[in-house]
Every structure is written in C-alpha cells, then in structure tokens.
Amino acid sequence: MLRARTRSAGILTRRRYCMESRGQMVLTMFMLAFGYQNDAWRSPDSRADEVGGLDMITDMTLAAERSKLHAVFFADSADGGPLLGGDNRGVTVYEPVATLGALAARTSHIGLIGTASTTFSEPYTVARQFATLDNLSKGRIGWNIVTSFTGARNYGLEEMPDPEARYRRAGEFVEVATKLWDSWDRDAIISDRERGLWADPERIHRINHRGEHFQVEGPLNIPRPAQGRPLLVQAGQSEAGIDLGSSVADVIYTMQSDQERSKVFYRDYKRRVEAKGRSAEHVKLLPGIMPIVGRTDKEAQELSDELASYIRIDSGRRTVEKMMDVQIDDLELTDRIPPERMVDGPRRMDRWRVYRDYALEHTLGELITELSRAMGHRWMVGTPGAIAENLIEWFDGRACDGFNLNPPSVPVGMNAMLELLVPELQERGYFQHDYTGSTLRERMGVQQF
Ligand SMILES: Cc1cc2nc3c(=O)[nH]c(=O)nc-3n(C[C@H](O)[C@H](O)[C@H](O)COP(=O)(O)O)c2cc1C
C-alpha cells in the first residue's frame with residue numbers, strides 16, 4: 001500500500017509547459033459492481049442484491065459521466081467456478097457486449113469499453129457486435145482485447161491453449177476485425193431512392209482473408225463504425241502481449257506498483273509503438289489504481305479499516321492459491337510462503353511476478369490482504385489532495401498518461417473517489433471539466449479513422 005503524502009499547495013500549481021506538451025490525464029473507471037476490493041460488497045451500504053440488474057450499473061456509469069470520466073470499462077471472464085465456493089471474486093457478472101448496448105441507451109457522452117476474448121469468439125462476430133455498439137452509441141465504444149486465461153472447459157477445451165498460441169490467434173483476430181470495419185468506405189451509404197441503392201456496391205468490399213486461424217470472405221454486414229474503428233484497448237504484459245498492444249491498441253491497461261518501474265515500462269512501451277510506425281502520443285498507458293478517499297486522513301483510514309474488515313480470510317487463501325498457483329494449506333497467517341514453492345516459468349503472467357515479489361517480503365496474512373485489496377494494483381488511502389498529488393507526480397514524471405480508477409466499494413468508495421478526488425484533479429488543471437470532441441477517440445486524444 002502507498003500512503004499518500006502531503007506537500008505544499010504551491011508545488012501543485014500546474015506548470016504551463018505540461019498542459020501544452022501533454023494534455024490532461026485520461027481517466028476511466030473499472031466497473032466491478034461488487035466493488036474492486038474483494039468482499040467489499042459485504043458492507044451494509046452495498047447494493048449487492050441488485051448486482052446483475054441494469055439500474056445499479058447505470059447509476060455507476062452516470063456518476064462517472066457527471067465526473068466527466070472518459071470511459072467506464074467492463075472486464076470479462078468465462079469462468080463461474082469460484083461461485084461454487086460461494087465467492088464472487090474474479091467473477092464477471094455482466095456480459096460486456098449486451099451491457100454496453102443497454103448503457104449506450106442511458107448515457108450520452110461517456111465512453112463504454114467492453115472486453116471480448118479472441119480465444120473464445122470469431123472475428124466476424126466481434127466485428128459486428130462492436131460496429132453495432134459503436135453506431136448505437138454514436139462513437140463511444142472501446143473493445144478490450146483479451147486472450148483469456150480461464151474458461152477452456154466452457155468452450156469444449158481441456159485446457160487453455162498456451163499464451164503464444166493465444167496471442168498468435170489474437171493478432172490475426174484483430175487484423176480480420178479491422179479489415180471488416182474497413183470493408184465499408186466512409187461514404188458507402190448513399191440512400192439513392194431513385195436508383196434504389198441504399199448502399200453503393202462500389203464502396204463495400206470483400207476482404208477475402210485467408211490466414212492461419214481464420215478464413216473470412218466479408219464484407220461486414222453492418223455499416224462502418226461511427227469512429228471508423230472502435231477504440232482498441234489491451235492489457236497484456238508478457239512479451240507477446242506487449243507486441244500485440246504496441247501494434248494495435250490505442251489504450252493500454254497495466255498494473256504498476258512502483259513509479260520508477262512504471263517510467264521504464266512507459267518509455268519502453270512508447271518506443272516500441274514508434275518502432276511500429278505509430279505515434280507514441282496517440283497510445284495511452286493507464287495503470288490501475290484503487291484510491292480509498294476521505295475528507296480527512298481519519299475518514300479515509302476509517303473507510304479503509306472498514307473495508308479491510310470485510311475480507312474473508314478463507315476465500316483470500318483460495319485467491320492466493322489460484323493467483324499464485326501455490327500450496328499454502330500448512331501455513332499460518334504469520335508465515336511467509338517459502339520461496340522454493342513459487343516457481344517461475346514461461347506460462348507465468350507478469351502479474352504473478354508482482355505477487356511473488358510481494359510474497360517474498362510479507363507474511364501470508366499481509367499477502368491475502370494485499371491481493372484482496374486491489375489484486376496487485378496500487379492502492380492508496382488518503383485525502384483527495386494527497387492522492388491527487390501522487391497521481392500528478394506519476395503523470396508529470398511520465399510514468400503514465402492517466403489511470404484506470406478502481407472503485408474500492410460501491411457506492412460509498414466510488415462516490416468518494418468521483419466526488420472528492422476527481423474535482424481535485426480538475427481544480428489543478430490535470431483533468432477535463434467537460435467533454436470535448438464528439439467521439440471517444442477524439443476525447444481520448446488517440447488516432448482518428
Ligand atoms: C486492468 C486490466 C484488465 C484486464 N481485464 C481482463 C479481462 O477482462 N479478461 C481477461 O481475460 N484478462 C484481463 N486482463 C488480463 C490481461 O488481458 C492479460 O492477460 C494480463 O495482463 C497478462 O498479460 P499476458 O497475457 O500478456 O501475460 C486484464 C488486465 C488488466 C491489467
């Protein structure tokens with residue numbers, strides 16, 4: 001955990017050159033209706049009994065829209081296993097494509113980002129879904145491209161294909177989806193009533209894709225997306241993940257717990273983007289952050305302590321076992337996991353190493369709390385001023401282009417984050433006071449099509 005520090009207000013005045021050279025932060029919000037911190041839904045204030053319904057996520061999205069956030073973001077997985085243990089940890093209750101369609105009708109400015117797996121779907125399906133969503137929402141849609149690490153047995157597979165194979169498929173998947181969106185010229189719809197031509201056949205093209213994984217003739221049977229292409233989001237941190245993200249994504253979600261390491265990651269990532277002939281400025285790197293905000297330090301600490309009291313140690317143990325692939329039955333909470341049990345290997349994800357490094361220096365009890373708090377993302381407890389200052393330090397230091405805000409609990413932790421922290425960033429000139437531009441791509445400052 002990082003405890004926010006306070007500095008004199010003078011340093012916080014935004015330097016002019018920053019505004020000119022970097023624009024402002026991009027902020028999105030992770031939509032976990034149970035709250036990002038595991039077990040936060042046990043709070044008597046939560047709306048746990050409404051999860052699955054539209055009203056509560058509409059309220060969340062409208063709250064984010066009132067705060068002028070660029071977008072809300074829905075993760076996804078195809079694995080309900082934890083529910084058999086009475087646990088909703090890591091279970092995504094809202095199927096993103098259907099959910100974004102409903103939210104598009106209830107919102108007007110905020111971006112809507114949803115996850116779809118390249119391992120468990122087909123490009124023609126995903127291209128149609130996201131083209132439709134983008135048109136329904138007038139250009140506010142983003143696709144978070146994932147290769148999934150669980151769910152094989154729900155799709156007729158014994159185990160997940162290895163990461164390299166998944167990423168090879170993902171690369172071709174995105175290529176095909178992009179060709180399909182481009183299969184309609186911008187001005188293909190002519191509505192020529194006289195000649196009886198709604199679309200001009202000259203301006204709609206077959207793609208005739210023949211590749212290792214997909215044979216797709218095209219064209220798409222849905223008009224070109226309002227943004228040309230929906231915003232593309234990616235979160236891989238392995239070599240193959242970074243290769244895909246730096247080739248195609250406009251926004252990169254990432255897990256960074258240390259500012260210096262994040263700066264290195266940021267610099268390296270942007271270099272790789274440029275090496276691929278793309279503009280580094282147009283690719284936004286957004287680490288996750290879970291701010292527990294209070295008007296005073298005492299208020300923030302009380303909320304933090306309250307949320308900590310909800311953490312279930314037994315399911316926390318299972319989370320550690322699952323996320324770290326390690327056996328801990330015989331360990332007390334005051335023990336450390338013996339290093340020899342945590343064996344690295346090519347199938348390990350980057351975040352596994354983050355957890356491993358933490359486990360090497362902390363007790364099992366502390367590790368359970370840490371993973372339950374923010375699943376490896378940075379989390380902070382403090383006043384809006386102190387937390388804003390820390391976020392600004394990361395932004396000014398080029399450790400990131402903004403943040404994916406993880407609301408610790410819903411609605412209490414989320415409201416404190418949106419109503420106290422975001423205005424603090426706005427007052428200091430680091431975050432927009434209103435929406436500009438007309439599409440999510442324009443508002444995010446990424447490439448236009
Ligand atoms: C903020 C964030 C959100 C993510 N959302 C999803 C998701 O919804 N579904 C999923 O399968 N993976 C998700 N991931 C995992 C990534 O897609 C990726 O698999 C992970 O970061 C490991 O990278 P690697 O596969 O390149 O090793 C997310 C990761 C981050 C940091």
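Hi everyone. What we have here is a predicted model, where local features need pLDDT of at least 70 and side-chain atom pairs count only at pLDDT 80 or more, while totals for chains, interfaces and linings use all residues. Residues are numbered from 1 along each chain as its sequence is written, and side-chain values use heavy atoms, with hydrogens and water left out.

Now to the ligand. Its shell divides into eight nonpolar, seven polar and two charged residues. Altogether 17 residues surround the ligand (a heavy atom within 4 Å), and the closest are A75, D76, Y167, A235 and S238.

Which atoms lie 2.8 Å and 2.7 Å from an oxygen atom of the ligand? For 2.8 Å, a polar side-chain atom of Y167; for 2.7 Å, a backbone N or O atom of A235. These are polar contacts, pairs of N or O atoms within 3.5 Å. The protein covers 93% of the 610 Å² of accessible area that the ligand has on its own (Shrake-Rupley, 1.4 Å probe).

Next, strand β3, residues 71–74; strands here are DSSP E runs of at least two residues, and helices are H or I runs of at least four. In a regular strand the side chains alternate between the two faces of the sheet.

Key
Buried < 20%, exposed > 50% of the residue type's maximum accessible area, 1.4 Å probe, protein only. Polar contact = N/O pair within 3.5 Å; in protein donor to acceptor, adjacent residues only side chain to side chain. Nonpolar A, V, L, I, M, F, W, Y, C, P; charged D, E, K, R; others polar.
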